[in-house]
Amino acid sequence: MIPENTGPAAVIVLAAGAGTRMKSRTPKILHEIGGRSMVGHALLAARSINPRRLAIVVRHERDLVARHLEDVDPAAVIVDQDDIPGTGRAVEVALQALDADQHLTGTVVVTYGDVPLLSGELLAELVATHEREANAVTVLTAVLDDATGYGRILRGEDGTVTGIREHKDSSEAERLIREVNSGIYAFDAAVLRDALAHVTTDNSQGEKYLTDVLSLARESGGRVAAVVTADRWQVEGANDRVQLSALGAELNRRTVEAWMRAGVTVVDPATTWIDSSVTLDADVRILPNTQLHGATTVARDAVVGPDTTLTDVTIGEGATVTRTHGSGAVIGARAAVGPFTYLRPGTVLGETGKIGAFYETKNVTIGRGSKLSHLGYAGDAEIGEDTNIGCGNITANYDGEKKHRTIIGSGVRTGSNTVFVAPVTVGDGAYSGAGAVIRKDVPAGALVLTVAAQRNTEGWVAANRPGTRSAELAQAATKDSSSTPASTEEGNQP
């Protein structure tokens with residue numbers, strides 16, 4: 001747990017890049033892993049170290065990104081990068097925006113909007129080391145087995161950082177260095193402000209490089225040091241969909257492992273996906289091919305899966321959810337759902353209740369102990385306690401223009417293929433016969449039947465479907481019947 005009120009002066013998140021390698025209409029930082037956008041993960045890590053100010057620099061698809069940021073972190077200061085390119089310029093405009101009220105003093109952390117696995121704990125370690133050692137700049141570095149393409153960290157005999165050498169500019173000896181620059185830093189605010197004023201765009205790319213601050217800080221007598229992480233995933237960015245997928249898989253692996261260590265049984269981690277925002281109690285059991293998304297919560301002793309996808313679903317203690325697709329639903333304690341069930345938003349199933357096979361529900365409240373066992377639809381309805389809804393029942397809630405509600409009381413028993421034509425109310429303890437079409441309110445304790453006399457039109461198949469297999473079989477059955485002698489009953493002879 002990171003102590004409160006010990007955070008840096010500011011965190012600046014750089015998120016202005018176009019992300020062209022994503023080949024997407026969606027800005028790179030808005031792509032999601034683990035149920036949260038990459039920039040959402042970045043902001044969560046930044047907030048976890050309790051900065052006094054937080055700024056995020058944007059440019060590409062500015063308005064779309066800004067709308068998302070207002071939802072994710074409305075207190076963050078949104079800063080627009082100007083036409084001067086480079087990470088140094090992005091940090092400079094953010095610092096100017098934050099300085100507008102009052103000059104920052106203390107530590108300024110710079111990170112990125114496309115590094116979703118970076119943790120608050122690692123950022124806190126960076127800040128703590130920076131302040132404990134009184135550094136001018138502290139850079140977060142990682143040690144890679146293959147450092148190709150990365151800027152190498154150059155160190156002096158005393159262990160301090162003397163520079164960062166880009167791969168293309170490195171000597172053969174320098175390319176053997178495995179410690180690389182993550183691009184994530186802690187700066188002394190005054191050092192950063194002064195150095196950025198002296199950074200130029202006089203380079204082959206015409207950009208204002210943030211890395212130039214390190215050499216300027218050393219020239220001014222400041223100490224430049226590093227915090228090394230062996231966990232490369234925390235500093236990995238996603239520049240294309242391949243990298244995005246890899247980061248997503250690694251995040252999920254960590255999430256699933258963390259829940260198992262917290263007392264959750266995950267039968268097949270390889271086929272289980274759990275968003276970062278999901279909450280599970282100890283002794284929950286997750287079966288193969290299960291996906292839990294959004295604000296889903298699962299209480300102790302519940303069993304979910306197999307082959308189940310749930311988004312924003314609350315599952316009570318001891319409930320079972322099998323082969324179900326659901327969103328925005330609440331499942332009570334010891335209730336049972338599935339298999340092959342579709343829970344739509346607004347479904348609330350009471351304790352010990354049941355929604356069974358091939359059932360679809362939407363905007364329906366189902367009381368304690370009530371059962372909707374198979375082959376039906378319940379929408380815009382309220383069902384009381386201990387009611388049994390028969391096979392094939394349907395609430396006909398839509399008249400072509402408006403939705404209407406069905407209210408079914410407690411202790412009701414309905415026959416197969418009952419249709420409730422809403423708006424309609426069925427009283428407590430009422431019964432319906434098979435095939436009933438209920439268009440009017442039913443009093444408590446009443447039996448409702450809508451039965452027409454059965455009519456058999458003999459010879460219809462032969463007359464209307466001649467030459468078919470059905471006609472042939474019917475004709476044969478008729479001949480067999482006519483050739484069988486009439487039976488007699490002993491004791492009825494004249």
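Select helix H4, residues 120-132: its 13 residues reach 18 Å from the first C-alpha to the last, close to the 18 Å expected at 1.5 Å a residue. The expected span is 1.5 Å times one less than the number of residues. Helices (H or I, at least four residues) and strands (E, at least two) are DSSP runs, numbered from the N terminus.

This is a predicted model, in which local features need pLDDT of at least 70, side-chain atom pairs count only at pLDDT 80 or more, and totals for chains, interfaces and linings use all residues. Residues are numbered from 1 along each chain as its sequence is written, and side-chain values use heavy atoms, with hydrogens and water left out.

Stay on H4 and colour its buried residues: Gly120, Leu122, Leu123, Leu126, Val127, Thr129 and His130. Buried means under 20% relative accessible area, exposed over 50%, and partly exposed in between (1.4 Å probe, protein chains only). The cover over these residues includes H1, strand E6 (107-112), strand E7 (137-143), strand E10 (179-188) and strand E11 (224-229). Just after H4, pick Ala134, which takes a positive phi of about 55°.

Next, show H1 (residues 38-48) together with H2 (residues 62-72). The two pack at an angle of about 45°, and their axes are 11 Å apart. H1 is therefore oblique to H2. Axes are lines fitted to C-alpha atoms, for helices over the stretch in contact, and angles run from 0 to 180 degrees between N-to-C directions. Angles under 35 degrees count as roughly parallel, over 145 as roughly antiparallel, 65 to 115 as roughly perpendicular and the rest as oblique. Ala, Val, Leu, Ile, Met, Phe, Trp, Tyr, Cys and Pro count as nonpolar, Asp, Glu, Lys and Arg as charged, and the others, Gly among them, as polar.

For another helix pair, select H5 (residues 189-196) and H6 (residues 212-219), which pack at about 110° with axes 9 Å apart. That angle makes H5 roughly perpendicular to H6. Val191, Leu192, Ala195 and Leu196 in H5 meet Val213, Leu216 and Ala217 in H6. The residues of this contact divide into seven nonpolar, no polar and no charged.

Go on to H7, residues 241-261. At 1.5 Å a residue, its 21 residues should span 30 Å, and the end C-alpha atoms are 30 Å apart, which agrees. Its buried residues are Leu244, Leu247, Gly248, Glu250, Leu251, Asn252, Thr255 and Val256. They pack against strand E2 (32-33), H1, strand E12 (265-266) and strand E13 (273-274).

Within H7, centre on Val256. Val256 is buried, with a relative accessible area of 2%. Not counting residues up to four places away in sequence, Val256 touches Val266, Pro269, Thr272 and Ile274. For a distance check, Val256 and Tyr431 are 175 residues apart in sequence and 48 Å apart in space, C-alpha to C-alpha.

The last stop is Gln81, in the loop between strand E5 (77-80) and helix H3 (87-99). Gln81 counts as buried because its relative accessibility is 11%. Leaving aside neighbours within four places in sequence, Gln81 is in contact with Ala16, Val57, Val58, Arg59, Gly86, Arg89, Ala90 and Val93. Gln81 and Gly356 are 275 residues apart in sequence and 55 Å apart in space, C-alpha to C-alpha.

Notes:
Contact means heavy atoms within 4.5 Å.
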